[in-house]
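Visitor: Please take me through one part of this structure up close. I would like to see what surrounds it.

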Amino acid sequence: MSPQPIQPHVLRLLRHPDSSKVLSVVSDDGFPHSIVLGALIADEDGRICVGEAFMYRASRYLEACPNAEFLVWMGKDGYSLRAVAVDHVHGGPELDRMNGLLEKKGMHASGLWVFESTQVWDEGASHTSGDRVA
């Protein structure tokens with residue numbers, strides 16, 4: 001699948017410092033494993049970066065299976081983004097940027113997981129809940 005662009009209203013929610021963000025990956029026994037994210041970096045082209053901070057099991061699972069899903073919400077607005085991990089880096093300007101974001105929360109990332117969004121779904125509390133957005 002090719003990356004799906006992220007619509008401006010979804011991107012604003014992903015980037016908002018007060019939105020809640022969860023990453024779910026596939027564990028080695030096939031069940032979902034979810035973690036709370038302190039921060040993420042997202043662009044309109046469908047690329048999402050997550051700092052590897054306290055991602056002990058999640059990183060191990062991503063190495064075995066790159067499929068993931070992000071859930072982001074604030075108030076009644078919410079979206080899930082299916083994604084695939086396409087890179088795992090341990091240096092560079094994006095990791096520095098991520099550590100700048102995480103520093104405010106008392107965290108530090110040793111690496112950066114890079115994902116490409118493949119689908120976006122409305123998960124908010126409205127009549128469009130469950131609709132595919134992209």
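Guide: Two strands count as paired if DSSP finds at least two bridges between them. Keep that in mind for strand 7, residues 112-122, in this predicted model.

Start with its two partners. Strand 4, residues 47-51, runs antiparallel to strand 7, and five bridges join them.

Next, look at cover. Nine of the 11 residues in strand 7 are buried, so the strand is mostly covered, since buried means under 20% relative accessible area.

Now zoom in on Phe-115. Set aside its neighbours within four places in sequence. Phe-115 is then in contact with residues including Leu-23, Leu-62, Ala-68 and Phe-70. Its contacts also include Arg-47, Ile-48 and Val-50 of strand 4.

Phe-115 belongs to the largest nonpolar core, which has 28 residues. Leu-23, Phe-70, Leu-81 and Phe-115 touch the most other members. Strand 7 is one of the elements that supply at least two residues of this core. Others include helix 1 (8-15), helix 2 (56-64) and strand 5 (67-74). A second, separate core has 10 residues, among them Met-98, Leu-102, Ala-109 and Leu-112. Leu-112 sits in strand 7 too, at residue 112 of the 112-122 stretch.

Technical notes
Residues numbered from 1 in each chain as written. Predicted model: local features only at pLDDT ≥ 70, side-chain atom pairs only at ≥ 80, totals over all residues. Heavy atoms only, no water. Buried < 20%, exposed > 50% of the residue type's maximum accessible area, 1.4 Å probe, protein only. Helix = DSSP H or I, 4+ residues; strand = E, 2+ residues; numbered from the N terminus. Core = buried A, V, L, I, M, F, W, Y, C linked by side-chain atoms within 4.5 Å. Contact = heavy atoms within 4.5 Å.
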